[in-house]
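Hello, and thanks for bringing this one along. Let's walk through its pockets and cavities together, one question at a time.

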Amino acid sequence: MRKNTQNLLIKEAGLVTGDGMTFLNKANIVIRGDKIVYVDQEKPSGVTFTNILEGKDKLVLPGIINIHAHGIIPGAPLFSSASDPLPGSQTNKNLLTHVSQGTTTILNVDGFAHPRLISQAMSTCPINLKTAITHHPRAYIAARRIDASGLKGQEEEKVEKIIENFPDIVVAMGEAGSGATLGGGVQDYKFIPEMIKRETEVVIDEYQARRLKEAVLGKEIAPDSYNPEKVESVLKEIGLENYSPEWALDKISQTVLPSFGIAIEALEEGADLAEKYKLPFIVHTAASSMSKVEEIARLGNLLVAGHCNHPSFDMKEGIALIKRLRGKGAIIDISTFDTLNSREREKELSFFFAILEAGLADVVSTDYGGGNHSPILEVLELAIDQKVITLPEAISLVTRNPSRAIPRLAPGRGVIVPGAVADMVIVNRDKISQVEDIIIEGTLFE
Ligand SMILES: [Zn+2]
């Protein structure tokens, strides 16, 4: 429900300002129009308020800025594979889910979405919405080699033109690569199970697909990792004992490899464009792409290494990579994926928490693990409860830091100070994952 909040006082609420340090126990915040005009422990004097929000049991945070989301734009091809768009009802639901979890700014990283689609989506949802794009030649080829059904009947557009024509909507390049073109998660939950079903009528799940893929190609997606004995035992485990390791080598290679080499080249091509246009470059960071990601870390802080806690890394290897990337100035993003519902929840959480605890994360985003994501505030709440990170530090990873990482995504947002845009999320003081109200550009949604 929308409520007009011209001249609103939030009275004596807990406040995390987003700067990474500040927590006020009893803060008074005044919003006028779409701006924050007053923040202090003292009550403002000499002003009457048309609306007062009692803050006693509440905690006010800057609205969450999520820089890695898929499946939120009606009509937009999905992933670097430009797969068929989700139904509009699903993208709307996904977007509203993000908002209901406290997100007030979101960056679409389905890079084949045309900015026109973003403008349309913005007209139906109050959230601050921008996009990253990936309309360059090698990215197109990679998409066509794996799928590109979402681009049917469309002409190829030039990245240069799009950047020129939509400077307010295109704020980054990416997502360069994805599990679809780089042999990762989308292969596991979509393309490999689809192929196995087609060829054998056997239904396998994403974990089984991943085990088979890794037995054939390794985590790095290298054909010389083929291990016939291992493949044979995985085939047996997943109900495909009538098929030979050579068959699996053939079929898995045909499914995963055609897009792989060109998708790696697209990372290089995208890096050059990012440099030319000074746009942050969001890349799919995983075991399969890590050596190329490291090469393009020459971009410094224009490189946003997406979801560095990717499940294809073992913890030690992942943390070593993060340290090397950080050393070159890259922005380290980690994603909640679908961690809380994952079968490997404990393992995934301990990796996520280890990165937080070592102070190696710059940004936390959601990504889109198999079609779902775990709410950012729920995962951060667990981390805070387990003393992995403090509350102000945790909140800065999803507010001030992402607004700095992608400067044109959310200017004037990400912190609660006088003069800032009034984007905030009001949560239960004792349970930050319980979102009570959301304020976007001064308008209250409850
Ligand atoms: Zn990705």
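Q: How much space lies in the largest pocket?
A: This is a predicted model, where local features need pLDDT of at least 70, side-chain atom pairs count only at pLDDT 80 or more, and totals for chains, interfaces and linings use all residues. Residues are numbered from 1 along each chain as its sequence is written, and side-chain values use heavy atoms, with hydrogens and water left out. On a 1 Å grid over the protein atoms alone, a pocket is an open set of points with protein on both sides within 12 Å along at least five of seven lines, while a cavity is a set where a 1.4 Å probe fits but cannot get out; lining residues have an atom within 4 Å of a point. With points joined across faces, edges and corners, and volume taken as the space filled by probe spheres set on them, the largest pocket holds about 540 Å³.

Q: Which helix gives the largest share of the lining of the largest pocket?
A: Among the 38 lining residues, those closest to the pocket centre are Gly185, Glu206, Pro311, Gly369 and Gly370. Helices (H or I, at least four residues) and strands (E, at least two) are DSSP runs numbered from the N terminus. Helix 5 (185–200) and helix 6 (206–217) each supply at least two lining residues, and the largest share, 5 residues, comes from helix 6.

Q: Which element gives the most to the lining of the largest cavity?
A: The count comes to 3 cavities of 30 Å³ or more, and the largest has a volume of about 50 Å³. Helix 3 (137–146), strand 10 (170–176) and helix 9 (260–277) each give two or more residues to its lining. The top contributor, with 3 residues, is helix 9.

Q: How much space lies in the second largest cavity?
A: Its lining is made up of Phe112, His114, His135, Tyr140, Leu151, Gln154, Glu155 and Glu157. The space inside this second largest cavity is about 40 Å³.

Q: Is His70 buried or exposed?
A: His70 sits in the loop between strand 7 (64–69) and helix 1 (88–100). Buried means under 20% relative accessible area, exposed over 50%, and partly exposed in between (1.4 Å probe, protein chains only). Because its relative accessible area is 2%, His70 is buried.
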